[in-house]
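Me: I would like to go through this structure with you, one topic at a time. Please keep the answers plain.

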Amino acid sequence: MTAAAACPICGKTQPAGLECARVDDLLVISIDTPTLCQAARESQLFYDAAQSGEPITITDPNAFATAVVRALNAEDEIGGTPVTRIFDDAIEQAIESDAGVEFGLPGIAQET
């Protein structure tokens with residue numbers, strides 16, 4: 001895996017090929033294909049497969065990355081995706097940390 005780097009927002013260490021940043025008016029999450037493949041190889045699924053004697057090998061990193069994108073965008077029965085669930089969890093954590101929110105105000109505040 002590539003060298004680790006500190007996240008500019010949260011300060012936690014992350015692989016150099018993985019980035020979560022706020023750029024102008026965008027929240028940008030990116031991961032390069034080699035880092036994605038390494039993350040997969042370090043996942044519980046790959047570990048369990050290796051332990052069972054049937055290891056998983058990524059033979060085509062580009063096809064694998066495309067399949068991961070497809071999985072991240074796959075909608076469930078109510079239209080949610082793994083990505084929207086990640087945002088739901090992150091939004092909840094941000095609200096619980098009182099970062100840029102106030103409770104008890106009427107309605108939904110619009111960005112000015």
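This is a predicted model: local features need pLDDT of at least 70, side-chain atom pairs count only at pLDDT 80 or more; totals for chains, interfaces and linings use all residues.

Me: Which element holds alanine 71?
Reply: Alanine 71 belongs to helix H3. Helices (H or I, at least four residues) and strands (E, at least two) are DSSP runs, numbered from the N terminus.

Me: And how far is alanine 71 from proline 82 in space?
Reply: The C-alpha atoms of alanine 71 and proline 82 are 7.7 Å apart, and the two residues are 11 apart in sequence.

Me: What lies between H3 and H4?
Reply: Threonine 81 is in the loop there, between helix H3 (61-73) and H4. Threonine 81 is buried, at 9% relative accessible area.

Me: Which residues does threonine 81 touch?
Reply: Leaving out residues up to four places away in sequence, threonine 81 touches Leu72, Asn73, Ala74 and Glu75. Contact means heavy atoms within 4.5 Å.

Me: Let me step back. How many helices and strands are there in the chain?
Reply: The protein chain has four helices and four strands. From the N terminus on, the elements run β-β-β-β-α-α-α-α.

Me: How much of the chain is buried?
Reply: Buried residues make up 14% of the 112 residues. The chain exposes about 8900 Å², of which carbon and sulfur atoms supply 57%. Accessible areas come from the Shrake-Rupley method with a 1.4 Å probe, and for residues only the protein chains shown count as cover.

Me: Now the surface. Which residues make the nonpolar patch?
Reply: Leu27, Ile29, Phe87, Ile91, Ile95, Val101 and Phe103 make a nonpolar surface patch of about 640 Å². Patches consist of residues with over 30% relative accessible area and no salt bridge; like charges are joined within 9 Å, and nonpolar side chains (Val, Leu, Ile, Met, Phe, Trp, Tyr) within 5 Å.

Me: Which element gives the most to that nonpolar patch?
Reply: H4 does, with three residues. Strand S4 (26-31) and H4 each supply at least two.

Me: What about isoleucine 95, and what does it touch?
Reply: Isoleucine 95 is in helix H4 and is partly exposed at 34% relative accessible area. Not counting residues up to four places away in sequence, isoleucine 95 touches Val101 and Phe103.

Me: Which residues form the negative patch?
Reply: Asp88, Asp89, Glu92 and Glu96 form a negative surface patch. Lys and Arg count as positive and Asp and Glu as negative, while His and the chain ends are not counted. The place of a charge is taken as NZ of Lys, CZ of Arg, CG of Asp or CD of Glu. Aspartate 88 is found in helix H4 (residues 82-96) and is partly exposed, at 49% relative accessibility.

Me: How many salt bridges does the count come to?
Reply: The count comes to one salt bridge, defined as a side-chain nitrogen of Lys or Arg within 4 Å of a carboxyl oxygen of Asp or Glu. Aspartate 76 and arginine 85 form it through their side chains, at 3.0 Å from N to O. Aspartate 76 is partly exposed at 28% relative accessible area, and arginine 85 is partly exposed at 37%.

Me: Change of topic: what is the phi of aspartate 24?
Reply: Aspartate 24 has a positive phi of about 55°, although it is not a glycine. Most residues other than glycine have a negative phi. Aspartate 24 sits in the loop between strand S3 (18-23) and S4 and counts as exposed, at 71% relative accessibility.

Me: Lastly, which residues are in contact with isoleucine 56?
Reply: Leaving aside neighbours within four places in sequence, isoleucine 56 is in contact with Leu45, Phe46 and Ala49. Isoleucine 56 is found in the loop between helix H2 (44-51) and H3, and the C-alpha atoms of isoleucine 56 and leucine 45 are separated by 8.7 Å.

Conventions
Residues are numbered from 1 along each chain as its sequence is written. Side-chain values use heavy atoms; hydrogens and water are left out. Buried means under 20% relative accessible area, exposed over 50%, partly exposed in between (1.4 Å probe, protein chains only).
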